Amino acid sequence: MKLVTRICWALLGILFIFSGLIKLNDPVGTALKLEEYFEVFATDFGSFFLYFKGIARTLSIVLSSLEVILGVALLLRWHLRKTLWTLLALLIFFTFLTFYSAAFNKVTDCGCFGDFIKLNPWTSFAKDLFLLGLWGVVFTNQRYLRRVFAKGQLGVMYITVAAAVAIGIGVYALGHLPYFDFLPYKVGNDIGKLMKPSEPLRYKYIMERNGTSQEFTQYPTDTTWKFKQMVPLNPNAGPKITDFKVWNDEGDYTQQLLQGNKLVLIIQNTDKADRDRFTQINSLLQSADSSQKKIMPLVITSTSPAEFDAFRHEVNLSAPFYYADATVLKSMIRSNPGFILLKDGVVKGKFHYHDIPTRATIEELL
């Protein structure tokens, strides 16, 4: 039991640190997931949950950092009993979220491990039950964990350092871009290629006749069989990008966007877009337009035409503009505004508005 307890103790601490760091890698993505929960709770429990949408990014860093801090505290066995009770409160909160998502099909991905590992609601709920099981073993067998690895001021120092590092990781990622990009639009990915299946999709057909079900790899020509279900045999071969579409008043522009060199300024929402950098942004767009690399600057937004027209006059934005779905733009880049550099549909670079590149940098990437 001593060995089992120590294994559970180590697993619980490591998983909490890992989960927290994954979320801190992309605090904007974590905040978007929290906003999704708050919108659901506002509908089901009360509109006061909408208040939390305004502080979602702060909550994202606080909750994710707390996971890291508690994981470190547990591994150090620092105030072990208090740490375990705090962990239990966090686990109960997460278990409620995942159960509510699974039982009522409200949020299809809990965001437990960010975009690194996608879990469906019931898998997420099972994961939280597993963590509660680990917690139960550790809590009931604390006698095997009597040795504290950091006492007194040393323990306080370790926890302070862990908190500073965790918060620092999250704040830096919030002001720039994720350290590791797990989304389909990461640098190096070919958007056009990811919009197509990696191989021909294959299916099996479940048919029924006289109360008996049978599977077919080819759709039967015998009309006495009644169709029941179609199941993909290679679901991972499907397109990784299914909702990417760009258009303007003249029609669809998706395929043209994926041809040639494009410097794309993405403005997800004009209400929340940072306006302080537009002098530098406009300068880059103008210099890129005169590049010998034949770079075409353009803007993509999800804002309504009337609102965007007022905004572009306010910030003196003169590049041609197009529209796309808001969710797609949030997946493309965690910055509002932000730049994506494309070469024949391949992502060659992504830039936060705090890290606006020079024309020379763009030309070098191309």
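Student: With which residues is Trp135 in contact, leaving aside its neighbours within four places in sequence?
Tutor: This is a predicted model, in which local features need pLDDT of at least 70 and side-chain atom pairs count only at pLDDT 80 or more, while totals for chains, interfaces and linings use all residues. Residues are numbered from 1 along each chain as its sequence is written, and side-chain values use heavy atoms, with hydrogens and water left out. Taking contact as heavy atoms within 4.5 Å, the partners of Trp135 beyond four places in sequence are Leu12, Leu84, Trp85, Leu87, Leu88 and Leu91.

Student: Why are H2 and H3 described as roughly perpendicular?
Tutor: Helices here are DSSP runs (H or I, at least four residues), numbered from the N terminus, and axes are lines fitted to C-alpha atoms over the stretch in contact, with angles from 0 to 180 degrees between N-to-C directions. The axes of H2 (residues 27–44) and H3 (residues 56–76) come within 8 Å and cross at roughly 110 degrees. Because angles of 65 to 115 degrees count as roughly perpendicular, H2 and H3 are therefore roughly perpendicular to each other.

Student: How many nonpolar, polar and charged residues are in the contact of H3 with H4?
Tutor: H3 and H4 pack at about 145 degrees, with their axes 10 Å apart. Leu63, Leu66, Glu67, Leu70, Ala73 and Leu74 in H3 meet Leu80, Thr83, Leu84, Thr86, Leu87, Leu90 and Phe94 in H4. By class, this contact has 10 nonpolar, 2 polar and 1 charged.

Student: Is Arg312 buried, partly exposed or exposed?
Tutor: Arg312 lies in helix H10 (residues 305–314) and touches Leu317 and Phe321, not counting residues up to four places away in sequence. Since exposed means over 50% relative accessible area and partly exposed lies between that and the 20% limit for buried, with a 1.4 Å probe and protein chains only, the 21% relative accessibility of Arg312 makes it partly exposed.

Methods: Helices (H or I, at least four residues) and strands (E, at least two) are DSSP runs, numbered from the N terminus. Angles under 35 degrees count as roughly parallel, over 145 as roughly antiparallel, 65 to 115 as roughly perpendicular and the rest as oblique. Ala, Val, Leu, Ile, Met, Phe, Trp, Tyr, Cys and Pro count as nonpolar, Asp, Glu, Lys and Arg as charged, and the others, Gly among them, as polar.
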